[in-house]
Amino acid sequence: MSENLFAYTATNSGYSQGTAGAINGERTAAAAALSAVKNKMTGLNGDPAFFNYFDRNSSRLVLRQYNYTSTSEPNQIIDPQAATWSSLVTPIVWSGVANLHGVATSGKWLFGTGYDLSKIAVVNMDTNYTQTREYAFPADFPTFANPYADGVFHGEALTVGTDGFLYALFYVNKGSGYATYYDSIVAKFRILPNGNLTYIGYVTAGKNSFTLDLYGNKLYVCSLGGMQNAGSGNADTNLCIVDLANFTQGGVTKVTLANPTQKGDFRDISILDANNVYIFAGHYDSGFAKLVGSVYHTTITDITAPANWTEVVAVNDPGYLWGIHADGSRLWFVKGTPIAVYDGTPTTAVTANRTFSITEMSDYTGGNLNSACFIAPSIPATRGLNLAVASKSLSSHIRLAKEARELAEKAKK
């Protein structure tokens, strides 16, 4: 059965207006059989983004539009498989979230976090997605021993672990700008029956972290190691693996590259199964015109041994939005502005079987891909109600794209 597999938003060249679309096809079909359906939503602003989540068994999307103020535009709840994309409920503002970067669900509760306010909003999906409470982090959790007296916290990602706890990633910088970063915080919260949160503890990951991928009983956090550089990766870049069964700093495994300044920064990870793990690393060239790097294939066993990884895609391409996702039938690569699709689970060097250009995905010649979100299928009731992880959105990658664009403009001066 043909489904919408992938949601995206596109903007014009000036980031003043946007549209939304989908890539459609059979979930097991070859990439060549997929098609883009543009303009499923029009009249969006210049910074729209999708997030995938589960409302019990049903896969859903939330569309946020960021307007660079402390109050975002109303969020829209979308059935991704509907013929026409329109909000299932009256679009609603969650006061605890501006610049939404992550959502996760448990039962009827949806949790959202945003970059600007560093809060976690609690939303009741059974009452038309109304917010019932919001928590400022770290101010509302006095038992959190804040290690950064002058740190500014930013909400980056959320997930509900296999243990039922909520995990939140906050990256921390010193003041404004992109120059100085502290180690990021992964905080753990107990979810009470009324949706309220109790703070449990935290561990630190690397500097400028932005992914919180769950596989099994572990979290995988990619950290750039600092500001995005021109012509070099960061010496401090790493991939932190957080063992939820041992949620202490001793339970955090840090993966580093032998030549990070040459190989680039850890930029994304996608884990399909124990035998198929994909890692993307790279850095911009001297003028921020192109990103130079590689997508690697490895296994869970060898994830801590970069010398054993195999390059499957070499990268030397323009663009600012980057991310990968393996769904079992194909490897998706958001490659700057186009989206490249590779059949199967490649373990050696491959070329794309299908590439979607910006003009296939929108009417914006010279436009930009602003967000990408892989749509998980709805799950039959027989498989239970506890699945809290949906396909990831690349919302935090949008922040990196915005920063890289600004740095590119500075480099021209």
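In strand 20, Tyr 278 is the bridge partner of Ser 270. This report describes a predicted model, in which local features need pLDDT of at least 70 and side-chain atom pairs count only at pLDDT 80 or more, while totals for chains, interfaces and linings use all residues. Residues are numbered from 1 along each chain as its sequence is written, and side-chain values use heavy atoms, with hydrogens and water left out.

Helices (H or I, at least four residues) and strands (E, at least two) are DSSP runs, numbered from the N terminus. Two strands pair if DSSP finds at least two bridges between them. Strand 19 and strand 20 (residues 276-284) run antiparallel and are joined by seven bridges. The two strands form a hairpin, with two residues between them.

The term buried means under 20% relative accessible area, exposed means over 50%, and partly exposed lies in between (1.4 Å probe, protein chains only). Strand 19 (residues 265-273) is largely enclosed by the rest of the structure, because seven of its nine residues are buried.

Another hairpin is that of strand 4 and strand 5, also with two residues between the strands; in it, Arg 56 takes a positive phi near 55°. Strand 4 pairs with strand 5 (residues 58-65) in the antiparallel sense over eight bridges, and Phe 54 has Ser 59 as its bridge partner in strand 5. Eight of the eight residues of strand 4 are buried, so this strand is largely enclosed by the rest of the structure.

## Nonpolar cores

A nonpolar core is a set of buried Ala, Val, Leu, Ile, Met, Phe, Trp, Tyr and Cys residues joined through side-chain atoms within 4.5 Å. The largest such core has 34 residues, of which Phe 6, Trp 94, Tyr 129, Trp 332 and Ile 339 touch the most other members. Among the elements that give two or more residues to this core are strand 1 (2-11), strand 4 (48-55) and strand 24 (330-336). A second, separate core has 23 residues, including Phe 141, Leu 158, Leu 166 and Tyr 199.

## Residues in loops

Most residues other than glycine have a negative phi, and most peptide bonds are trans. Tyr 129, although not a glycine, has a positive phi of about 60°. Tyr 129 is found in the loop between strand 9 and strand 10. Contact means heavy atoms within 4.5 Å; leaving aside neighbours within four places in sequence, the contacts of Tyr 129 include Tyr 53, Asp 55 and Trp 94. Asn 208 has a positive phi too, near 55°, and its place is in the loop between strand 14 (197-207) and strand 15 (213-215). The peptide bond from Phe 137 to Pro 138 is cis, with omega near 10°. Pro 138 lies in the loop between strand 10 (130-136) and strand 11 (151-160).

| Residue | Relative accessibility | Class |
|---|---|---|
| Tyr 129 | 4% | buried |
| Asn 208 | 0% | buried |
| Asn 234 | 10% | buried |
| Ser 378 | 44% | partly exposed |

Asn 234 lies in the loop between strand 16 (218-223) and strand 17 (238-243). Apart from neighbours within four places in sequence, Asn 234 is in contact with residues including Leu 224, Pro 260 and Asp 265. Ser 378 has its place in the loop between strand 27 and helix 3. With the neighbours within four places in sequence left aside, Ser 378 is in contact with Phe 54, Asn 57, Ser 58 and Ser 59.

## Empty space

Rolling a probe the size of a water molecule over the atoms shows where empty space is left. On a 1 Å grid over the protein atoms alone, a cavity is a set of points where a 1.4 Å probe fits but cannot get out, and a pocket is an open set with protein on both sides within 12 Å along at least five of seven lines; lining residues have an atom within 4 Å of a point. Grid points are joined across faces, edges and corners, and a volume is the space filled by probe spheres set on the points.

The structure holds one cavity of 30 Å³ or more. The largest cavity has a volume of about 40 Å³, and Trp 94 and Asn 99 are among the residues that line it.

The second largest pocket holds about 200 Å³ of space. Of the 13 residues that line this pocket, Tyr 66, Asn 99, Tyr 115, Arg 399 and Lys 402 are the closest to its centre. Helix 3 (residues 395-412) gives the most to the lining of the second largest pocket, with four residues.
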